Amino acid sequence: MSDRRRPAAGRPDAAPGSPARRYPRPSREQLAAAAERTLPDLIAPGLDVLFVGINPGLWSAATGWHFARPGNRFWPALHRGGFTPRQLHPSEQDELPGLGLGITNMVARASARADELTAEELVEGARELTAKVARYRPRWVAVVGVTAYRIGFARPKAGFGPQPEPLAAARLWVLPNPSGLNAHFTPETLGAAFGELRAAVTAGG
């Protein structure tokens, strides 16, 4: 059997010709060089939902794709929640604006782990996010990570789900962090959390 026909070990989604097979994994040197880089927003005026990550990981900064690390469960949760008709590969992120979706980050600089960020960076990121939302006017803003939201917006008791206060003119929702390091949520429960937001968006709430 040729390599083109052989399934990738441990990657049942990596079918021949799929994006996961077309793009090589970044090398250790490429990942190290990606530290402190920034990643362009995936944004347009009037989106249904603007998803807000904490900050880019090294894998995302090295590839130019949001939520790109294979262990990250953002893209599966987006599909399980009903936002995309199929599970997109991170390299297909440019399809999102056509679905009314976008991605930005609380903090622009890349790091190996989100806990490397300072509280000051998150607070400043919250201010910049507020200005961005006022400019682009999405209907909903979904912050993907409750701890970053609590720190950045000085809401220490905030929980998951809809928030009582808007962000600029947008409705605000907090989702679990889809990182593979977040063991409190399974792929199924993450998908359900995204699905709750999808139901609210669809209902026009």
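Which residue in E3 is the bridge partner of Val52? In this predicted model, that partner is Val143. The legends below set this pairing in its surroundings.

**Figure 1. Overall fold of the predicted chain.** The chain contains 7 helices and 5 strands, arranged along the sequence in the pattern α-α-β-α-α-β-α-β-α-β-β-α. Of its 205 residues, 46% count as buried. Among contacts with a separation of 6 or more, 70% are made by residues 24 or more positions apart.

**Figure 2. Strand E1 and its two pairing partners, E2 and E3.** Strand E1 spans residues 49-53 and is mostly covered, with 5 of its 5 residues buried. Side chains in a regular strand alternate between the two faces of the sheet. In E1, Val49, Phe51 and Gly53 point one way, whereas Leu50 and Val52 point the other way, and all are buried. Pairing of E1 with strand E2 (residues 101-105) is parallel and extends over 5 bridges; pairing with strand E3 (residues 140-144) is also parallel, over 4 bridges. Val52 takes part on both sides: Thr104 stands opposite Val52 in E2, and Val143 is the bridge partner of Val52 in E3.

**Figure 3. Helix H5 and its buried face.** Helix H5 comprises residues 119-136, 18 residues in total, and reaches 25 Å from its first C-alpha to its last, close to the 26 Å expected at 1.5 Å a residue. Its buried residues are Leu122, Gly125, Ala126, Leu129, Val133 and Tyr136. Viewed down the axis of H5, these buried residues fall within an arc of 110°, so they line one face of the helix. They pack against E1, E2, E3 and helix H6 (146-152). On the other side of H5, Glu120, Arg127 and Arg135 are exposed. Arg137 follows H5 and has a positive phi, near 55°.

**Figure 4. Gly71 in the loop between helices H3 and H4.** Gly71 lies in the loop that runs between helix H3 (58-63) and helix H4 (74-80). With a relative accessible area of 42%, Gly71 is partly exposed. Ser179 is 108 residues away from Gly71 in sequence, yet the C-alpha atoms of the two residues are 6.9 Å apart in space.

Note on methods: Residues numbered from 1 in each chain as written. Predicted model: local features only at pLDDT ≥ 70, side-chain atom pairs only at ≥ 80, totals over all residues. Heavy atoms only, no water. Buried < 20%, exposed > 50% of the residue type's maximum accessible area, 1.4 Å probe, protein only. Contact = heavy atoms within 4.5 Å. Pairing = 2+ DSSP bridges. Expected span 1.5 Å × (residues − 1). Arc of directions from axis to C-beta.
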